[in-house]
Amino acid sequence: MEIAGVLTILAFSAVLSAVLSIRSRRRRLNRMLKEEWGAKGPAHLPDEDAMEALAACFREMPKGETAHAWVDDITWDDLDMDRVFRYLNRTQSGVGEETLYRMLHAIDAPDEELKKRDRWMRALAGDGERRTALQKRLRTLGREHDHGAFAYIKAPETARPANAWLYYALAAAPLVFVVLGLFNPYLFLGIVGSFCVNALVYYGTKRVWMRELGAIRRLASMLHCARKLRRFPVAGMEDAFSQLDTLCAALRPMVLWNSLHEMERAHEFDFITDYLRIAFQLDVVSLIRLSGFIKKHGAEITKLYLLVGEIDACIAAASVRKSLKQYAVPEFWGEKRVQTEGLLHPLLKEPVKNSVDWKANMLVTGSNASGKSTFVKAVAVNAVLAQSIMTCWAERYQMPRAQVMSSMAIRDNVQGGESYFIVEIKSLKRILAALREETPTLIFIDEILRGTNTVERIAASTALLTYLSGQYALCIAATHDMELTKLLPAYRQVHFREEITPQGMAFPYTLCEGVSGTRNAIRLLEQMGFPAEVILAAETMAADKPAESS
């Protein structure tokens, strides 16, 4: 009796401890989510390995029929969009990260889709209680990206073990020995033997089909999460929750086989579900049973996955909006013209506002470090953000729906054996190939054809930029080649300048009309402490050269 009492007390204490631990974690999570909402920076920054896995997952995600307007890899790298993504990433799950990453590429979403995202963000910002409830459920998904779910959806019927009957037999064995043990207690020992056999088969099979099992588990967790999200509808997002209901109903047959895959578990009892998976071969049986269903309902599964991710991504974007002193919801028009006031670059800590009316091609000149490239990137990045998360770092941002392409951060392709100039002309050629009559292209070029000699650079640059003037496009080209300002009279001339102060050279980073009349490369060498004889020799040589060839 005393032993039974002690065991009862121990069991009660264990359960009470688990309950109190769960409640404590929930309180900490509520407090953390409240502190993170509207914070100046993201709480989670993916490392390089995570970003590589995220990019690999993105390549497997569906692209749609109009992917020609998406942000391509060169433009993505030119605009430092990985850094922009990291800054925006206030998501709670890997599904949300993947969808946000995809949204920032897919700038061809219909106007109705963009308006819907803006409406969702406003709704989520206005209902903190339900938003937090959604975030907590999304957080259970984890942040793994190397799951192969999208590759699996494309061909699930080929990604399963051949001898299905064997796994059914192994799954039934423990139950058989339980029944037999009722007639002969010694046969209960068969449960231990079957578990050992099942463990060997389970881990052996798991090594072979690890990626496919990871895909099933990912889809299971996503469906489990989607079903829980439905409990917390947000006013203004009725269409989202209606879609959740419809898709979850269509995928209800998956629930039976996934119920033990992604159940909410107290960490103290994780081992129980692991034992169940091994004893009844749940993972492999689910893989076998679901392959046909997933092949038939792949479109609905993908749609639900992206919907769950979009809810998470919109919560993240709404949090970013909350952190900003000012932002603009973009206005789209049919005119080939970009007009913005109070434009900022989202990654700068102390940015300077600029305004521009971009209705004709522009040539941007100016001294080194004066802000040319940053301005060009600010216009381009905001054009991407306008057409993805409906949020611009500006007081006002008006533009046509357009594809965005750049040729800026060119590098040698050493492994491919291509010189800087070859890489550069390939980059420019892809822009010409992407021009469309039905969709305007916003083109951003920094130091055009810098990889060749001066004479041919000026001639080829003039010819190429003149050609772009006749296309359904708007081009901003930043350059040090002052000769281009005279050879391209159709281009609007703007510039950035430096100021000489008692403390040295200063940069106001303010866009000015006209052509830059200054140069500062030698002064910057002097400020950086180069030897006096180097500075003197450079000044002497520069004095013999006309200013326009700087």
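This section describes the fold, the aromatic contacts, the helix packing and selected residues of a predicted model.

Residues are numbered from 1 along each chain as its sequence is written, and side-chain values use heavy atoms, with hydrogens and water left out. In this predicted model, local features require pLDDT of at least 70 and side-chain atom pairs are counted only at pLDDT 80 or more, whereas totals for chains, interfaces and linings use all residues.

The protein comprises 22 helices and 12 strands, where helices (H or I, at least four residues) and strands (E, at least two) are DSSP runs numbered from the N terminus. Of the 550 residues in the protein, 48% are buried; buried denotes under 20% relative accessible area, exposed over 50%, and partly exposed the range in between, with a 1.4 Å probe and protein chains only. Contact is taken as heavy atoms within 4.5 Å. Among contacts between residues at least 6 apart in sequence, 77% join residues at least 24 apart.

Aromatic pairs were assigned to rings of Phe, Tyr and Trp (its six-membered ring) with centres within 6.5 Å; planes under 30 degrees apart count as stacked, over 60 as edge-to-face and the rest as tilted. By this rule, 10 aromatic pairs are found. The ring centres of Phe58 and Tyr101 are 5.5 Å apart and their planes stand at 75°, so this pair is edge-to-face. Because Phe58 belongs to helix α2 (residues 48–60) and Tyr101 to helix α5 (residues 94–105), the pair ties together parts that are 43 residues apart in sequence. Both partners are covered: Phe58 is buried at a relative accessible area of 9%, and Tyr101 is buried at 4%. Phe58 and Tyr101 also belong to one aromatic cluster that includes Trp70, Trp76 and Phe85.

Charged side chains also lie over aromatic rings, a arrangement that requires NZ of Lys or CZ of Arg within 6 Å of the ring centre and within 35 degrees of the ring normal. Lys63 is placed over the face of Phe58, 4.4 Å from the ring centre. In a second case, the charged end of Arg401 is positioned over the ring of Phe332, at 5.2 Å from its centre.

Helix α4 (residues 81–88) is mostly covered, with six of its eight residues buried. These are Met81, Val84, Phe85, Arg86, Tyr87 and Leu88. The buried residues of α4 pack against α2, α3 (73–78), α5, α16 and α17 (372–386). In the loop between α3 and α4 lies Asp80, a residue other than glycine with a positive phi near 55°. Asp80 is partly exposed, its relative accessible area being 29%. A positive phi of about 50° is likewise found for Leu449, which is not a glycine. Leu449 is located in the loop between β7 (441–446) and α19 (454–469) and is buried at 5% relative accessibility.

Helix packing was described with axes fitted as lines to C-alpha atoms, for helices over the stretch in contact, and with angles from 0 to 180 degrees between N-to-C directions. Angles under 35 degrees count as roughly parallel, over 145 as roughly antiparallel, 65 to 115 as roughly perpendicular and the rest as oblique. Helix α15 (residues 282–296) and helix α16 (residues 298–323) pack at about 85° with their axes 5 Å apart, and are therefore roughly perpendicular to each other. In this contact, Ile294, Lys295 and Lys296 of α15 meet Gly298, Glu300 and Ile301 of α16. The axes of helix α6 (residues 111–126) and helix α7 (residues 128–139) come within 6 Å and cross at roughly 105°, which makes α6 roughly perpendicular to α7. Here Leu124, Ala125 and Gly126 of α6 meet Gly128, Arg131 and Leu134 of α7.

Two further residues illustrate contacts made from buried positions. Glu98, in helix α5, is buried at 0% relative accessibility. With residues up to four places away in sequence not counted, Glu98 touches Leu54, Cys57, Met61, Glu144, His145, His147, Phe150, Arg218 and Tyr305. Trp37 lies in the loop between α1 (2–36) and α2 and is buried at 15% relative accessibility. Under the same exclusion of residues up to four places away in sequence, Trp37 touches Ala125, Arg131, Ile315, Ala318, Ser319 and Lys322. The C-alpha atoms of Trp37 and Ala316 are separated by 8.7 Å, although these residues are 279 residues apart along the chain.
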